[in-house]
Amino acid sequence: MDYRNGRGQDTSSVGPPQRPPSSFVEQANVTDEGIYEAFEENWPACWERAAALLEWDEAYDDVLDEEDAPFYEWFTGGKLNASYNCLDRHLEAGRKNHAAIIWEGKRGESQTYTYRELFVKVNEFAAALRDLGVEEDDVVTIYLPMIPELPIAMLACARIGAPHSVVFAGLSADALATRMDAADSEYLVTCDGYYRRGDAFNQLSKADNALLSLEQDVSTVVVDRLGEDLPHVLGDRQYDYHDLVAEHAGETVDPVSRGSEDMLFLMYTSGTTGKPKGVVHTTGGYLSYAAWTTRAVLDVEPNDTHWCSADIGWITGHTYIVYGPLALGTTTVMYEGTPDYPDRDRLWEIVDRNAVDVFYTAPTAVQAFMKWGEQYPNQHDLSSLRLLGTVGEPISPRPWRWYYEHIGDEECPIVDTWWQTETGGITVTTLPGIKSMKPGAAGPPLPGIDARVVDDDGESVSPGESGYLTLHRPWPGMARTLYDGDEQFVEEYWRQFSTPDDDEWVYFSGDAARIDDDDYITILGRVDDVINVAGHRLSTMEIESAILGVSGVAEAAVVGGNGGSSGTDVYAYVSTENGAEPGPSLAAAVTASIESAIGPIARPEEVVFTSELPKTRSGKIMRRLLEDIASDEELGDTSALRNPEIVGEIQAATRDE
Ligand code: WTA
């Protein structure tokens, strides 16, 4: 590990602090600056504020149980149901006709579900799942694109106490099979297909292929999204979604009272090995934290229309499209399409038509908007917007300014939110009604969060220096373990910086960062074998193992690079076996193998053939050098290489492509 290895923005590029617009501050959910100190003085009891946003069937005994650290437990002894908290209680509070979900389809269709309507749909599907044999604690895999049945299925699972494992719809059959196998999941909810830029695209055949390689019998529910556009035939143990719910029309299912620490869902994400990790989130801590951060950071209120433009297939969508907003009883927008179809003003048209209050997106998207130009947002009335957010990558000051001026009209604060699948919700950012924003820096740790930047010995670095981003205290939304390995959980996140006698447990994020004298943290990028590509988190090891499966390939190294421009892409460096011909057809085979193992999201920007990979004298591939080459940056010291003569060849081959 080497934190100088972190990819991201230039460390000098943080803009001057800027106060949030006063029109915003006047109405913000959290405005009392004393909150930071109050959380310090009263930790961990301060987190009761988060738990108080929920309705509990049974009160918890303890806020935090540290006995089995780092397997922390939150709100122990408490009981609650997530679907009850996201649905029933809002009906009881007289909000049954308030819009819960506004779904915007790819082809211009739009559908609103009130809390009452969503309640009915979730109950019917919960009854159907029960009827299929799903019991409490059975893992249900959901492999759906951004259609309403996705959150409906999640909440139906939550209702009956069956953890869901949502697999991003763009992942391949192999990736789905790996995840179902690891979770021993015997239930799958998928669809016949979906539209991609107007074309019908088959999803069911991917699901069918995945099932072929599984040992367990799987019952599959298939949503008919495409109708006549893509007729399909159901096989054995496959059930039509609409038929199933029709059989249970009008039925209700009592929400199962779950222990606070019972699993709400599993989310597979990429780690430092070739195998995806099943991150476990629990009911009480996760949901409290989702609701709390949605309210405090995104400033969401029940009467808002909130739009997080992520995909529900990743953690951002879980927390800030589904659980956070619905727990608060607000209106959440879910968008099936892309920002540039049918035209580049699509998002702004949706903001305008729905009078969206809060908009949360990724820096890559902001960069695209900036490139397309302000004429697109200018075609629409965006004055309903009150707050803007970003997540997933660092945002540089220039796109930050553009977002601030052209989308927010200088009236909306921007929250640059740092967090991870494992943190469950936002952990580092500015509280928008209190803190100044510094374009390019995410901000200080949230109240109650002890984030630090440390050196190799785990000591805090001086202001202005870079190091590793670590969290030194537990928080309610944190991952509890990995589904198939407590030991791996400790190894992946806790071994690096905890004290040898384990009396202080330190969580390591895998990111490099820099901290200012006022505690603002600037994220510099991953230092492990994970790369973030357009909001998707990928493991270089997983991609490499797909490449090594191609005949003719001897060695492979995958790195993230930005080719000198913005945004990270996948670069694959490949050496061939004796006799194998490096060239377009082998490159195509490499790309095909990656797409079949993971999906098109991991498609390399370049496959570069080289006679040898650059190696240290001890035989380790020098990835940092490859990253510099892929990013067209000046190369660091190459004297430690066993084969320095190879560098020129690789550079030339990368530029040649
Ligand atoms: C990166 C997404 C810079 C980081 C919520 C982290 C960020 C990884 C930011 C987690 C940010 C997330 N600035 N980098 N504001 N937010 N990241 O698990 O590298 O898909 O470790 O969770 O995204 O990605 P994940």
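**Figure 1. Helices, strands and the overall fold.** This predicted chain carries 20 helices and 30 strands (DSSP runs, H or I of at least four residues for helices and E of at least two for strands, numbered from the N terminus). Its radius of gyration, taken over C-alpha atoms, is 24 Å, close to the 26 Å from the globule rule for 657 residues, so the chain is as compact as a globular protein of that length. That rule is 2.2 Å times the number of residues to the power 0.38. As this is a predicted model, local features need pLDDT of at least 70 and side-chain atom pairs pLDDT 80 or more, while totals for chains, interfaces and linings use all residues. Numbering runs from 1 along each chain as its sequence is written, and side-chain values use heavy atoms, with hydrogens and water left out.

Figure 2. Ten of the eleven residues of α4 (residues 82-92) are buried, so the helix is largely enclosed by the rest of the structure; buried means under 20% relative accessible area (1.4 Å probe, protein chains only). Among them are Y84, C86, L87, R89 and H90. They pack (heavy atoms within 4.5 Å) against β3 (79-80), α5 (115-132), α6 (149-160), β14 (263-269), α10 (283-296) and α11 (315-328).

Figure 3. At the N-terminal end, N81 does the capping: one of its side-chain oxygens sits 2.8 Å from the backbone nitrogen of S83. After the helix comes G94, with a positive phi near 80 degrees.

Conventions
Buried means under 20% relative accessible area, exposed over 50%, partly exposed in between (1.4 Å probe, protein chains only). A polar contact is a pair of N or O atoms within 3.5 Å; within protein, one must be able to donate a hydrogen and the other to accept it, and residues adjacent in sequence count only if both atoms are side-chain atoms.
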